[in-house]
Amino acid sequence: MQRQLDPYTEFSRPKRELGKLRTIASPSPVLMDVQRWLLSNIFERIHPHRASYAYQPGRSAVQCAKRHLGATWLLKFDLHDFFHCVDERAAYRILQAAGYNRLISFEIARICTRLPGGEMRPLSGFKYPTIDSYAGRAPGFLPQGAPTSGAIANLAAHALDDRLWEVAYRYDLVYTRYADDMTFSTLRRFDRATVTRCVADITKAVHQSHFRVHRKKTRIVPPGARKVVLGLLVDGDRLRIPVPARRRLEGHIRGAATFGIAAHVEHARYSSLGGFVRHIDGQLRYAQGVDRAWAGQLTERWEAVLRKQGITKLDRELW
């Protein structure tokens, strides 16, 4: 694969940080289908580390958060540019370790990666050893938006998870990773000196694994403070949805019922009616795994709103 074309379309989505945008690179329809096939038939059949909970069937954010219930201390870290830290050489090594030959591993790795900025000029610098025309100016990286990127990043982070699992064992911590969100917790009492050493060891392990800690997002949550993992409260014997998140979801459904979905979408500044409906559907499914009684009642209200405004299940599947 010589990278003569850049089969991706870029668009932006808001990040959780106010005013910041995330660039999404969506593959062309044909490449999307190929990557989905590779995900189902290759990458989902290679098991990531047991500490990983994202981008794999049968695991969820709710399961991940439950591992930290009742924590006295919570240490939260974020990986900087998680997908961009994984290049085609890492994907190549994953495939070779799974038993694929060198050329097949190389071709699949290129199908699942993209050059920075979509640059296609065949400059020297990175080259498959036996095919000169495969030379390129740099190895491609995982594009955020490709179906395969999450699974490949998880597999590429296996060595990172091994190192962090060892750190967690030394300090008697529970360690989980959900994509680029890493969480450590303990039921023990720690002193500040121990926490400082632990943070230093975690940061060192991340660096040794060729990832980067997003220092501005590092959070040390001591005893007595509110503890949230992946948007869920874990400072108790059961998971809870924080009050602000409950109110936001209830407010959206109330607004759609009172003013109509189209008017509420415009008022709330969503980009499309279909995107808004998918968002609420996803939030309700997520809530069902945390608080079934509350989410069940809210789901009934939401379904009534959709029926009243003539939005069918087929409409929701097509959006």
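**Group meeting: helices, a sheet and a few residues**

Hi everyone, let's start with helix α1. It has 13 residues, and the distance from its first C-alpha to its last is 18 Å, close to the 18 Å expected at 1.5 Å a residue. The expected span is 1.5 Å times one less than the number of residues. Helices here are DSSP runs of H or I with at least four residues, strands are runs of E with at least two, and both are numbered from the N terminus.

Before going on, a word on where this comes from: it is a predicted model, in which local features need pLDDT of at least 70 and side-chain atom pairs count only at pLDDT 80 or more, while totals for chains, interfaces and linings use all residues. Residues are numbered from 1 along each chain as its sequence is written, and side-chain values use heavy atoms, with hydrogens and water left out.

Back to α1. Which of its residues are buried? They are Leu31, Met32, Gln35, Leu38 and Leu39. These residues cover an arc of only 125° around the axis, which puts them on the same side of α1. That arc is taken from the directions running from the helix axis to the C-beta atoms. On the other side of α1, you can find Pro29, Val30 and Trp37 exposed. For the cut-offs, buried means under 20% relative accessible area, exposed means over 50%, and partly exposed is in between, with a 1.4 Å probe and protein chains only.

Now please turn to the sheet. It is open and has four strands in the order β4-β5-β3-β6, paired antiparallel. Two strands pair if DSSP finds at least two bridges between them. At the edges stand β4 (174-178) and β6 (219-221), each with a single partner strand, so one side of each has no neighbour in the sheet. From one strand to the next, the twist averages 15°.

How many bridges join β3 to β5? There are six, between residues 73-78 of β3 and residues 181-186 of β5, and the two strands run antiparallel. In that pairing, Leu75 stands opposite Phe184 of β5, and Leu74 is opposite Ser185 of β5.

Helix α7 (residues 192-208) packs on the sheet, where it touches β3, β5 and β6, and its direction makes about 25° with that of β3. Contact means heavy atoms within 4.5 Å. For the angles, axes are lines fitted to C-alpha atoms, for helices over the stretch in contact, and values run from 0 to 180 degrees between N-to-C directions.

On its other pairing, β5 meets β4 in the antiparallel sense over five bridges, with Tyr178 opposite Asp181 of β5. The two strands form a hairpin with two residues between them, and Ala179 in the turn has a positive phi of about 60°. Strand β5 is mostly covered, with six of its six residues buried. Asp181, Thr183 and Ser185 are on one side, Met182, Phe184 and Thr186 on the other, and both faces are covered.

Let's look at Thr186 in β5. Its relative accessibility is 5%, so Thr186 counts as buried. Leaving aside neighbours within four places in sequence, Thr186 is in contact with Ala71, Thr72, Trp73, Asp172 and Leu173. A polar atom of the Thr186 side chain lies 3.3 Å from the backbone oxygen of Asp172. Thr186 and Leu74 are 112 residues apart along the chain, yet their C-alpha atoms are separated by 7.0 Å.

Next, a loop residue. Where is Ser52? It is in the loop between α1 and α2 (61-66). Ser52 has 0% relative accessibility and therefore counts as buried. Not counting residues up to four places away in sequence, Ser52 touches Arg59, Asn154, Asp161 and Arg177. The side chains of Ser52 and Asn154 make a polar contact of 3.1 Å. A polar contact is a pair of N or O atoms within 3.5 Å; within protein, one must be able to donate a hydrogen and the other to accept it, and residues adjacent in sequence count only if both atoms are side-chain atoms.

Last stop, helix α10 (residues 273-288). Its 16 residues should span 22 Å at 1.5 Å a residue, and its end C-alpha atoms are 23 Å apart, which agrees. Ser272 caps the N-terminal end of α10, with a side-chain oxygen 2.9 Å from the backbone nitrogen of Gly275. Among the buried residues of α10 are Phe276, Val277, Ile280 and Leu284. The buried residues of this helix pack against α8 (243-259), α9 (261-268), α11 (292-308) and α12 (313-318).
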